[in-house]
Amino acid sequence: MTYEIATIPGDGIGPEVVEETLPLLHEAASRHGVDVEFTEYDWGTERYLETGQMMPDDGLDQIVDADSILLGAVGHPDVPDHITLHGLLLPIRKGFNQQVCKRPSILFEGVESPLRGYESGDIDFVVYRENTEGEYSDAGGRVHQGFDHEVAIQSAVHTREGTETIVRAAFEAATEREGHLTSITKSNAQAFSMTFWDDVVEDVATEYPNVEVESLLIDAGSMDLVRRPEQFDVLVASNLFGDILTDIGAIVTGSMGLAPSGNINVDDEYPSMFEPVHGSAPDIVGQGVANPMATVLSAGMLFENVGERAVADDLWSAVRAVLADEAAPVTPDLGGSASTAEVVDAIEAHL
């Protein structure tokens with residue numbers, strides 16, 4: 001079986017990490033008789049600075065037939081984030097109906113949490129983030145710009161189909177995990193959208209009687225991810241709230257450099273996309289010290305999504321083994337001094 005993977009290294013440390021990681025992915029796949037062909041697309045901020053577009057008008061048409069997408073990073077210090085985000089990442093998520101964003105947060109053996117008293121395995125939860133609508137629907141606008149009576153309107157859009165899709169995916173995950181689901185809302189202040197969200201959770205819950213459901217407001221949920229992260233299993237949240245929660249999840253489990261992510265088209269009608277959570281990290285670009293593990297773990301999620309679970313397991317197991325080995329090299333975000341290439345070599349040695 002040969003898989004066609006569209007690769008978008010993107011911005012910042014993205015190209016560095018993707019370049020170092022692709023040979024490892026080839027090696028891991030080949031050990032299971034799996035062929036992978038990576039086609040690179042030079043879309044991102046450098047292209048925007050040259051052409052005024054993050055990707056070409058027919059960009060989605062160019063990659064629609066790919067089996068999956070691997071993204072490095074999006075973002076540049078010289079270009080406002082809303083331009084880079086709306087020029088590349090969001091069009092792919094929305095254009096390919098990647099309604100489910102899945103982001104696991106695990107405190108691996110050998111990694112120290114900034115939270116006192118937590119050891120490996122104590123923190124292990126996954127956030128299911130609605131990915132194509134909600135607060136990031138791009139519904140609204142600005143009028144009377146430049147005048148004192150300028151007005152900006154940003155509307156969140158929550159459809160029943162979209163909300164049911166992410167909620168049901170979270171319930172399915174809770175069924176396979178520990179049977180506990182936490183829904184994160186802000187129903188006390190957002191009396192239309194978030195009470196609608198609560199209603200959908202309540203409706204879908206009837207289909208999963210063995211899943212215990214907890215509901216928390218986003219402020220309390222954010223606090224509790226720091227105060228009691230070991231008590232969470234599966235969390236489900238809207239686009240904005242999920243974005244906030246997953247950054248907290250990444251940092252309480254040791255490093256943004258360990259946080260993988262999947263943007264999933266649940267119907268397999270379009271390719272899904274996988275990316276590390278860490279972003280473009282402009283402060284360390286060109287130094288060769290970016291942590292490649294989040295990209296490797298994201299690639300593991302990619303292989304699992306296309307049905308190659310054995311390849312996925314090998315990649316995750318190899319990362320775990322490196323982290324658990326006190327003598328193994330790690331990058332500065334984990335307290336070491338190793339380069340990206342040295343960590344990739346160590347992961348390959350543990351395949």
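Visitor: Which strand pairs with strand E1 in the parallel sense over six bridges?
Guide: This is a predicted model, in which local features need pLDDT of at least 70 and side-chain atom pairs count only at pLDDT 80 or more, while totals for chains, interfaces and linings use all residues. Residues are numbered from 1 along each chain as its sequence is written, and side-chain values use heavy atoms, leaving out hydrogens and water. Helices (H or I, at least four residues) and strands (E, at least two) are DSSP runs numbered from the N terminus, and strands pair if DSSP finds at least two bridges between them. Strand E1 covers residues 2-10, and its parallel partner over six bridges, covering residues 35-40, is strand E2.

Visitor: Which residue of E2 is the bridge partner of Ile5?
Guide: The pairing of E1 with E2 is parallel. Within E2, the residue that bridges to Ile5 is Phe38.

Visitor: Which strands are the edge strands of the open sheet?
Guide: Ten strands form this sheet, in the order E2-E1-E3-E12-E11-E4-E5-E10-E8-E9, and the pairing is mixed. From one strand to the next, the twist averages 25 degrees. An edge strand here pairs on one side only, and the two that do so are E2 and E9 (212-217).

Visitor: Which residue stands opposite Arg129 in E10?
Guide: Strand E5 (residues 124-130) and strand E10 (residues 234-237) run parallel and are joined by four bridges. In E10, the residue opposite Arg129 is Ala237.

Visitor: At what angle does helix H6 run to E8?
Guide: Two helices may be considered together here. Helix H5 (residues 160-176) packs on the sheet, in contact (heavy atoms within 4.5 Å) with strands E4, E5, E8, E9 and E10. The direction of H5 makes about 165 degrees with that of E5. Helix H6 (residues 193-205) lies across E5, E8, E9 and E10, and its angle to E8 is about 165 degrees.

Visitor: Why are helices H9 and H10 roughly antiparallel?
Guide: Axes are lines fitted to C-alpha atoms, for helices over the stretch in contact, and angles run from 0 to 180 degrees between N-to-C directions. Angles under 35 degrees count as roughly parallel, over 145 as roughly antiparallel, 65 to 115 as roughly perpendicular and the rest as oblique. Helix H9 (residues 293-305) and helix H10 (residues 309-324) have axes 7 Å apart. The pair is roughly antiparallel because the packing angle is about 160 degrees.

Visitor: Which residues of H1 make the contact with H11?
Guide: Helix H1 packs against helix H11 (residues 340-349) at about 10 degrees, with the axes 9 Å apart. The two helices are therefore roughly parallel. H11 contributes Thr340, Ala341, Val344, Ile347 and Glu348, and the H1 residues are Glu20, Leu24 and Glu27.

Visitor: Which residues of H8 meet those of H7?
Guide: The axes of helix H7 (residues 218-227) and helix H8 (residues 239-252) come within 10 Å and cross at roughly 10 degrees. That makes H7 roughly parallel to H8. From H7 come Ile218, Gly221, Ser222, Leu225 and Val226, and they meet Phe241, Ile244, Leu245, Ile248 and Val252.

Visitor: What is the phi of Asp138?
Guide: Most residues other than glycine have a negative phi. Ala281, in the loop between strand E12 and H9, has a positive phi near 45 degrees. Asp138 is found in strand E6 (residues 134-143). Although Asp138 is not a glycine, its phi is positive, at about 60 degrees.
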